[in-house]
Amino acid sequence: MRTVKQRVQGVIFDLDNTLLRSRRGALRALKSASEMIHEHLAKQGYVYGKAELLRQLRLIDQFMLGKKRLYNRDVWWKTLLRELGLSHLSGTWVHQTTLHYWKIYAAESPPFKDAEPTLKVFKKAGFKIGVVSDSDGTPGMKRKRIRLQSFRTLLETIVVAGEDTPKVKPSKTPFMLVARRLGLNPKNCVYVGDNPRTDIDGAKAAGMVMIRVRRDGNNMGHPDYEVRSLREVQPLIFNLRS
Ligand SMILES: [Mg+2]
């Protein structure tokens, strides 16, 4: 971990698992999707156990979010159908399942308790605040989810990587874009995120200071700093600014 001392003017956040408690929402949404798929298949005369469908979907979820970075849930459900040898059953209901999934995901992923208070502290102290988050794979969905949050008014700009930029994180382009929109040099920005796969390399390549919020043992990669909660980000950034 290096020591970084540079004038911080902007604080930029990741969304899921950084500001929002999304792990629970993701799991409940996947379970609900598996139930929808179960019902649809049963209507067509194909009976699969709900638990088995959920188990297979969890493997697809891990693969798509991890190695593949493929966020379009329509593709996830179609992958399941293909694995079951049921690709011919694909239809408009597949996208309906995706919309239902995001509805549950959004409803079941509340902000961490210290999210809004932390943003308010930074806002009051004169920092510019932004969000850089990857597309949900369904255009417009991520922005819609952010706009549901009561802290949205504290954000000066939202960059949805993969929609506002051609590439998703960890490409450095969404980080360059957010700095440009805030009118700041990326070197004067801090990025706060949780995911070692997506949140560290791009932010650092753009020149930002990277602070990882440690959630459930995500300890790969080399952030500049590591904290256990958003509340701990506050003294760190005030110290960097001084
Ligand atoms: Mg995240």
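Select D136 first. At 3% relative accessibility, D136 counts as buried; here buried means under 20% relative accessible area, exposed over 50%, and partly exposed in between, with a 1.4 Å probe and protein chains only. This is a predicted model, in which local features need pLDDT of at least 70 and side-chain atom pairs count only at pLDDT 80 or more, while totals for chains, interfaces and linings use all residues. Residues are numbered from 1 along each chain as its sequence is written, and side-chain values use heavy atoms, with hydrogens and water left out.

**Stop 1: the partners of D136**

D136 and R145 form a salt bridge, with 2.9 Å between the closest N and O atoms. The term stands for a side-chain nitrogen of Lys or Arg within 4 Å of a carboxyl oxygen of Asp or Glu. R145 is buried too, at 2% relative accessibility. Salt bridges link D16, D136, K142 and R145 in a network.

**Stop 2: K169 and D199**

Go to K169 and find D199. Their closest N and O atoms are 2.8 Å apart, in another salt bridge. K169 sits in the loop between β3 (157–161) and α7 (173–182), and D199 in the loop between β4 (189–193) and α8 (201–206), so the pair ties together parts that are 30 residues apart in sequence. Helices (H or I, at least four residues) and strands (E, at least two) are DSSP runs, numbered from the N terminus. Are K169 and D199 buried or exposed? Both are buried.

**Stop 3: helix α5**

Select residues 115–124, helix α5. Its buried residues are A115, T118, L119 and F122. They lie on the same side of α5, because they cover an arc of only 95° around the axis. That arc is taken from the directions from the helix axis to the C-beta atoms. What covers these buried residues? The cover includes β1 (10–13), β2 (128–134) and α9 (233–241).

Stay on α5 and pick K120 and E116. They form a salt bridge, the closest N and O atoms being 3.5 Å apart. Both lie in α5, four residues apart, about one turn of the helix. K120 counts as partly exposed, at 45% relative accessibility. E116 is also partly exposed, at 21%. Then step past the helix to G126, which follows α5 and has a positive phi near 95°.

**Stop 4: helix α2**

Select residues 50–68, helix α2. It has 19 residues and reaches 25 Å from its first C-alpha to its last, close to the 27 Å expected at 1.5 Å a residue. That expected span is 1.5 Å times one less than the number of residues. Colour its buried residues: L53, L54, Q56, L57, I60, D61, M64 and G66. They pack against α1 (22–43) and α3 (73–83). Just after α2, look at R69, where phi is positive at about 50°.

**Stop 5: the two domains**

Zoom out. Colour domain 1 (10–21 + 111–241) and domain 2 (23–107); these bounds come from an automatic or database domain assignment. Their centres, taken over C-alpha atoms, are 28 Å apart. Between them, 18 residues of domain 1 are in contact with 14 residues of domain 2, contact meaning heavy atoms within 4.5 Å.

How much area do domain 1 and domain 2 bury between them? About 1300 Å², 55% of it on carbon and sulfur atoms. Buried area is the accessible area (1.4 Å probe) that two parts lose on being put together, summed over both.

Finish with the salt bridges. The whole structure has 16. Between domain 1 and domain 2 there are zero.
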